Amino acid sequence: MSATRGTGGDALVAGLHRWGVDTFFGVPGVQLDELFDGLQRGGGDIRVVHSRHEQGAAYMALGYAMVTGKPGVCAVVPGPGLLNAGAAISTAYACNARVLCLTSTVNSALIDRRYGALHEINDQDGLLRSLTKWSARATHASEIPGLLDEAFRQLLTGRPRPVALEIPPDILAQTGFFTYPDALPSLANPLADPAAIEQAATLIAGARNPMIVVGSGAQEAGREVRALAELIQAPIVSRHMGRGVVRSDDDYALPAAAALPHWPDVDVVIGIGSRLTQLREWGMGGGLKVVHIDLDQSEINRIAPPAVGIVADAAEATAKLVDALAEKNLSPAPRTAEFAAIRAAFREEVATEIQPQVGYLDVIRAAMAEDDVFVDEMTQVGYASRYALPVYTPRTYVNSSYQGTLGYGFATALGAQVGAGKRRVISVNGDGGFMYTMPELATAVLHRIPLIAIVFNDGNFGNVRRIQANKYGGRLIASNLHNPDFVALAHSFGVAGLKAEGPEGLATALETARGLEGPVLIEVPMNLEATPSPWKHVHGRKVR
């Protein structure tokens, strides 16, 4: 490619075009002026969604990335702006989400001088290294093409996790020539070792009672995972991050909590794109053998050394494993009736014990198309959704993974809605978590984001209050909340506001909401005292 003259901001925008970025979330500020000016002059078809807070911008990039599988790009000013975005970046790390955080620094000559320049914090690059898979800083505008190409290579190869690029404001303003190579960098991932595939196939072929555990790394491998399950007659077990790899009503699908009682009888577990936390939490007694497929070499041995470790893309490695097993002419006894009975018994148990949460989830699912998106939160209905909400297609269930980020849901759902396009996104929130990013109601209106947000209002940090009541003899502190009238609040922003009483009222409100074009907020009063804890099954381990 021939050299182009422009600013560092122009070089950055050209690189975003080069990598097919069509959406950009951010909050402008003086250190990012040249970037936003570059977007105004040369952004073309890049949609710029500016939020009311840096955490909102970063969460929106997270939601966009999780729903689309593509990089979600956000830009925040350095120092306090980056710190505001930190919770979202750490959540993206936990969720294996492809988020690119663009930020700035103080002027190059002032870096590490501790003069007290605007937005200066000590060791900002060290902070970014602790939150991301890869980060770098440009020291000249001519470095931006190479660094941006590397950022996207890191996003699109190996284990997906957030990356960050710092560009000082004087470098963004620097004028000169920049050049991108004609070809994009190689995006090749490690290929599955044929010897390891054969070793795994031999081990699995001799299994008496195998189980498949899937995580977020298997989201694009559903067809291959399903073929493996049918071939060896094994259940496909998922916690929240693996939901949607196969349909919840698939003949071989089991929620983790439903599979837990049967774990002691498993002799071979096949982890695909999963950290296999079950090995730590459920135990490895009885001579359990592990086959672990993951793109991250460090994950293979993290909890326990497997009998066979395969570092490769989940779809590619699973397809080769299926081929190797097919050559062994297996004929295991059919087990789909057994799995159906486990699913049915588990469903009856949660529908009986966890109400009204499961009733609300049934209403929400009935209002959704199969490819609509559900974004959970750290709230009672959100917890129950991890095992009680059916999920039918990949990337339609969004969760904060092990980070458990209270308040992430509403802003993340806005980004998910941008990424989902014409599909609808439903966000469930508690009254506590919703207020974390509530001002983004303004962003929803300004950018015409038709999210349906449900706020379950019990007037408390509900789970905190429940723990205090049960563990500390009813001694309550700092768990009660003073809330606005959520419907009136929605109206004040120009958002359609509805109030729903009980599951039946929510069903009516959702029918109305789906007929509206813009964002909708539905308030649902909850009686905390009458709401049983859904934690019993949340992590696939029964907690009494």
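**Close-up views of a predicted model**

Figure 1. All six of the six residues of strand β18 (residues 452-457) are buried, so the strand is largely enclosed by the rest of the structure. The model shown here and in the other views is predicted. I452, I454 and F456 point one way from β18, while A453, V455 and N457 point the other way. Both sets are buried.

**Figure 2. The neighbours of β18 in the sheet.** Strand β17 (residues 425-430) pairs with β18 in the parallel sense, over five bridges. Within this pair, I426 stands opposite I452 of β18. β18 also pairs with β20 in the parallel sense, here over six bridges. The bridge partner of I454 in β20 is I522.

Figure 3. Six strands form an open sheet in the order β16-β15-β17-β18-β20-β19, and the pairing is parallel. Its edge strands, β16 (397-398) and β19 (496-499), each pair on one side only. G497 stands opposite L521 of β20.

Figure 4. R395 lies in the loop between α16 (380-388) and β16. Although R395 is not a glycine, its phi is positive, at about 60°. R395 has 19% relative accessibility and therefore counts as buried, the cut-off being under 20%.

Figure 5. P356 is found in the loop between α14 (336-353) and α15. The peptide bond from Q355 to P356 is cis, with omega near 15°. Helix α15 (residues 357-366) is mostly covered, with eight of its ten residues buried. These buried residues are Q357, V358, G359, Y360, L361, V363, I364 and R365. In an α-helix there are 3.6 residues a turn, so residues three or four places apart point the same way.

**Figure 6. H292 in strand β13.** H292 is placed in strand β13 (residues 289-294). The relative accessibility of H292 is 3%, so this residue counts as buried. Leaving aside neighbours within four places in sequence, the residues in contact with H292 are G271, S274, R275, L276, E299, I300, P306, V308, G309 and I310.

Figure 7. The loop between β5 (99-103) and α5 (124-131) contains D123. Phi of D123 is near 55°, a positive value in a residue other than glycine. D123 counts as partly exposed because its relative accessibility is 42%.

**Figure 8. The whole chain, for orientation.** The chain holds 22 helices and 20 strands. Its C-alpha atoms fill a box of roughly 70 × 60 × 45 Å along the principal axes. For 544 residues, a compact globule would have a radius of gyration near 24 Å, and the 24 Å of the chain agrees with this. Buried residues account for 59% of the 544 residues. Of the contacts with a separation of 6 or more, 76% join residues 24 or more positions apart. The accessible surface comes to about 21,000 Å², and carbon and sulfur atoms contribute 52% of it. There are 47 positive and 55 negative side chains, with the centres of the two sets 4 Å apart.

Terms used. Residues numbered from 1 in each chain as written. Predicted model: local features only at pLDDT ≥ 70, side-chain atom pairs only at ≥ 80, totals over all residues. Heavy atoms only, no water. Helix = DSSP H or I, 4+ residues; strand = E, 2+ residues; numbered from the N terminus. Rg over C-alpha atoms; globule rule 2.2 N^0.38 Å. Buried < 20%, exposed > 50% of the residue type's maximum accessible area, 1.4 Å probe, protein only. Contact = heavy atoms within 4.5 Å. Areas by Shrake-Rupley, 256 points an atom, 1.4 Å probe, with all protein chains shown as cover. Lys, Arg positive; Asp, Glu negative; His and termini not counted. Charge placed at Lys NZ, Arg CZ, Asp CG, Glu CD. Pairing = 2+ DSSP bridges.
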